[in-house]
Amino acid sequence: MRASHAAAAVDVAFDDPNLVADAGLVPVMALAERIGLPGLVAEHVAINGVANSAGANPTAKVMSLLAGMVAGADSIDDLDRLRHAGNQIVFDEVRAPSTLGTFLRAFTHGHVQQLNAVLRRALIALAQCAPLLPGSDEVVFVDLDSTHRQVYGYQKQGAAVGRLKGKKTLHPLIATASTPVSRPVMVAIRLRKGKAADVRGAARFLAEALTTVRAITPGARIVVRADSKFYTADVAATAARYGADVSLTTGSNPSVNAAIARIPDQHWTAIHYPQAFVDTETGELVSDAEVAEIPYMAFTSRPAAQQVPGRLIVRRVKRLNPQAVLGQDGLFDLWRHHAVFVTSPFPMLQAESFHRDHAIIEQVIADAAASALAHLPSGSFTANSAWAVLWAIAHNLTRAVGVLAGTFHARATTATIRAHLITVPARLARSARRLTLHLPESWPWQPAWQALHTAICRPPGHHAA
């Protein structure tokens, strides 16, 4: 592809007042209004007693922040994309980046908790408007994980050199909900200091997440999945309190090693993975392994009431000797073991497969790093905490938009949804007090866009005037 002779001589003028760069924000904001998101913000977010009117009309400011994030803004300055040409016609009460930055800096920890209440209630309302968790009648997975987001500058509150060597970070803790046939939605997020331990506050955080998931799917079987840093008695007890099972990587310790040593050789089942995965210890691609299970009592160092019965599902992979001579076999096999503690009743191979799918949370982390959490833009820790919660709400809105657009976009990444359905240019035309968006001719995803528009803006029973 190259520029034509006519395009090579084209002139440029920024002078059309009827263009919209992100036409997909029209159904997104309509969806937000349908679930009552502006009302939730007005009810729960109250920033009072702040100078310079930073707390005035929080609804308009939160909705402006969410619209910018859905459209791809990853910094406060990027929110200025909302204030161009036709957007002033299609949307009301769009706020300037400077106003939104002042608003975020007015947040305290209590205000962030108010915003968390909006996140929880908005997700519950979204789940009633769009099938975000198909297959929840079988199982719902709640995945826990943490990530480090690098930050810059000397005035970032809470930033510290933590897990990323030589780099200052902040340390979000996240919880998602998904099913075997759905993409994850954000249930909760909590920003922490860069040096915070991975498991710090995880039990209480999990309780908040499970409360939300139970409100969405009251009778579902829930499995909490996490890696070894969340293998604690408190996390397991919290899951049990909400009627959830756990699937937790154990890591290596004397008790686990002793249990693995008791597994008879004839109990190992050979399995082949159609899609090889990366071994976290060696970086090698693994496509063949053996799996076995054994009953196990977890946390035996705790009082009897805090011990948890379950089973260990162990995957073992042959440890290769890089110095072996070609054609010369070793005297005996050496194995690397990967143990998972589970309390669910699923068969061994299914439970092992379910736990490997915990890696789906990494896709959410990648989505965050490629959008609003590419930067934590403020020097204020609470402003960045609020920014992270707003990203979670924007993520869920984007996922709901993908579900309503059709099967393909229901499984697509948020970046794909944004490129196909949201950041679509359009020209505005006005006639008889109605607006018409003229989108590009032969747009490849026109059927999905029209399905989305019909589902949100013209629900069943609605007839155009």
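## Loop residues with positive phi

Glu93 is located in the loop that joins helix 5 to helix 6 (97-105). Helices here are DSSP runs of H or I with at least four residues, strands are runs of E with at least two, and both are numbered from the N terminus. Although Glu93 is not a glycine, its phi is positive, at about 60°. With 48% relative accessibility, Glu93 counts as partly exposed; buried means under 20% relative accessible area, exposed means over 50%, and partly exposed lies in between (1.4 Å probe, protein chains only).

This is a predicted model, in which local features need pLDDT of at least 70 and side-chain atom pairs count only at pLDDT 80 or more, whereas totals for chains, interfaces and linings use all residues. Residues are numbered from 1 along each chain as its sequence is written, and side-chain values use heavy atoms, with hydrogens and water left out.

Ala85 also has a positive phi, of about 30°, although it is not a glycine. The loop that holds Ala85 runs between helix 4 and helix 5, and at 32% relative accessibility Ala85 counts as partly exposed.

Ala71 is placed in the loop between helix 4 (58-70) and helix 5 (87-90). The relative accessible area of Ala71 is 3%, so this residue is buried. Contact means heavy atoms within 4.5 Å. Leaving aside residues up to four places away in sequence, Ala71 touches Asp22, Leu25, Arg81, Arg418, Ile422 and Thr423.

## Packing around helix 2

Two packed helices are described by the angle between their axes and the distance between the axes. Axes are lines fitted to C-alpha atoms, for helices over the stretch in contact, and angles run from 0 to 180 degrees between N-to-C directions. The axes of helix 2 (residues 25-34) and helix 4 come within 11 Å and cross at roughly 135°. Helix 2 is therefore oblique to helix 4; angles under 35 degrees count as roughly parallel, over 145 as roughly antiparallel, 65 to 115 as roughly perpendicular, and the rest as oblique. Helix 2 supplies Leu25, Val28, Met29 and Ala32 to this contact, and helix 4 supplies Met63, Ala67 and Val70.

On the side of helix 2, Pro27, Ala30, Leu31 and Arg34 take part; they meet Trp449, Leu452, Ala455, Ile456 and Cys457 in helix 16.

## Nonpolar cores

In soluble globular proteins, nonpolar side chains tend to be buried together. A nonpolar core is a set of buried Ala, Val, Leu, Ile, Met, Phe, Trp, Tyr and Cys residues joined through side-chain atoms within 4.5 Å. The largest core in this model has 128 residues, and those with the most contacts inside it are Leu31, Leu37, Ile189, Val224, Leu312, Trp387 and Trp391. Helix 13 (residues 381-405) contributes the largest share of this core, 17 residues.

Leu31 touches Leu126, Leu397, Ala400, Val401, Leu404 and Ile456, not counting residues up to four places away in sequence. Another core, of 15 residues, lies apart from the largest one and includes Val139, Val340, Ala351 and Phe354.

## Salt bridges

A salt bridge is a side-chain nitrogen of Lys or Arg within 4 Å of a carboxyl oxygen of Asp or Glu. The model has 14 salt bridges by this rule. One of them joins the side chains of Arg225 and Asp143 (2.7 Å, N to O). This pair links distant parts of the chain, 82 residues apart: Arg225 belongs to strand 8 (residues 222-226) and Asp143 to strand 2 (residues 140-146). Arg225 is buried, with a relative accessible area of 1%, and Asp143 is buried at 0%.

Arg316 forms a salt bridge with Glu290, with 2.7 Å between the closest N and O atoms. Here too distant parts of the chain are linked, since Arg316 is in strand 12 (residues 308-318) and Glu290 is in strand 11 (residues 285-298), 26 residues apart. Arg316 counts as buried, at 11% relative accessibility. Lys229 and Asp227 meet through their side chains in a further salt bridge (2.8 Å, N to O), and Lys229 counts as partly exposed at 25% relative accessibility. A network of salt bridges links Asp145, Asp227 and Lys229.
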